[in-house]
Amino acid sequence: LPVSNYSTSEFVDDSIDWINEQNGQWFHWLAFIAPHSPFHLPPKDLHSFDDLPDDDRSARQNPQPYYKAMVEAMDTEIGRLIDYLKASGKYDNTTIMFIGDNGTPGQVVVPPADPDRAKSTLYEGGVNVPFIVSGAQVSNKNTFSNALVNTLDVYATSLDLLGTNKSSLPASVDFDTVSFYPILSGQAQNTREWTYAELSGFERDESLNGRAIRNASHKLIQFESGVEELYNLRNY
């Protein structure tokens, strides 16, 4: 059914309703739409950017503060979800993963970030995203890791966190997912030697389509045009 509620708030409302119905172990994936274009001003009770005019033209002319307001609105609503988990007694037995799905849009990146190497590119600004994991099953707390992780690794890691026997998965399927639980538990510093990314079907600028692979020190990008670029990431 159509709703008039702000989408970020609506998703948290739905999440709380769903979690409240669960018994035993559960896995919940919450994917926000915002922050995303078209840039806009969220409801005033979700952010602190009180001096921004609430019109599309202003957002197009100066998108960065509107993007920041959307980020703050998301942060506010994530806080509301966490408050619910604490009030319901579920927080201490829940592992929370927060991950970005792509880089920041070029219109709103902050120097020295390059707007031409941000979202919708295979450069680090397009595929290197925030990732935070917190919860009772994270014994390696308050640490920063340089370990290579792919988004698809959330799958195997979630199975480990749930105590699921991976041998029950279909033997006929090849799984590229690698659990990074050993990093969370302090048993290992790395679980991958390399990560892979690809961009295809991007009609706005087909020259950006291609694939990339990197290890701890170097990254190779191979564009569909045949152009290849090799970077020493330790120089950046």
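This is a predicted model: local features need pLDDT of at least 70, side-chain atom pairs count only at pLDDT 80 or more; totals for chains, interfaces and linings use all residues.
Five elements, α4 (124-127), β2 (131-134), α6 (181-184), β3 (195-199) and β4 (210-214), each supply at least two residues of the lining of the second largest pocket. Among the contributors, β3 gives the most to the lining, with five residues. The space in the second largest pocket comes to about 1500 Å³. Its lining counts 46 residues, and those closest to the pocket centre are Asn128, Val129, Phe131, Ala147 and Val149. As to how such a space is found, rolling a probe the size of a water molecule over the atoms shows where empty space is left.

Read from the N terminus, the order of elements is α-α-α-β-α-β-α-α-β-β-β-β. Along the principal axes, the C-alpha atoms fill a box of roughly 50 × 45 × 35 Å.

How much of the chain is buried? Of its 236 residues, 33% count as buried. The accessible surface of the chain is about 15100 Å², and carbon and sulfur atoms account for 49% of that surface. Among contacts in the chain with a separation of 6 or more, 54% are between residues 24 or more positions apart. The charged side chains number 17 positive and 32 negative, and the centres of the two sets lie 5 Å apart.

Ser58 is found in helix α2, which covers residues 56-61. Is Ser58 buried or exposed? Ser58 counts as buried because its relative accessibility is 19%, and the cut-off for buried is under 20%. Leaving aside residues up to four places away in sequence, Ser58 touches Pro53 and Tyr66.

Ser88 sits in the loop between α3 (63-87) and β1 (96-99). With a relative accessibility of 30%, Ser88 counts as partly exposed, because that class lies between the 20% limit for buried and the 50% limit for exposed. Which residue, 68 residues apart from Ser88 in sequence, lies 8.4 Å from Ser88 in space? That residue is Asn20, with the distance taken from C-alpha to C-alpha.

Note on methods
Residues are numbered from 1 along each chain as its sequence is written. Side-chain values use heavy atoms; hydrogens and water are left out. Helices (H or I, at least four residues) and strands (E, at least two) are DSSP runs, numbered from the N terminus. Buried means under 20% relative accessible area, exposed over 50%, partly exposed in between (1.4 Å probe, protein chains only). Contact means heavy atoms within 4.5 Å. Accessible areas come from the Shrake-Rupley method with a 1.4 Å probe; for residues, only the protein chains shown count as cover. Lys and Arg count as positive and Asp and Glu as negative; His and the chain ends are not counted. The place of a charge is taken as NZ of Lys, CZ of Arg, CG of Asp or CD of Glu. On a 1 Å grid over the protein atoms alone, a cavity is a set of points where a 1.4 Å probe fits but cannot get out, and a pocket is an open set with protein on both sides within 12 Å along at least five of seven lines; lining residues have an atom within 4 Å of a point. Grid points are joined across faces, edges and corners, and a volume is the space filled by probe spheres set on the points.
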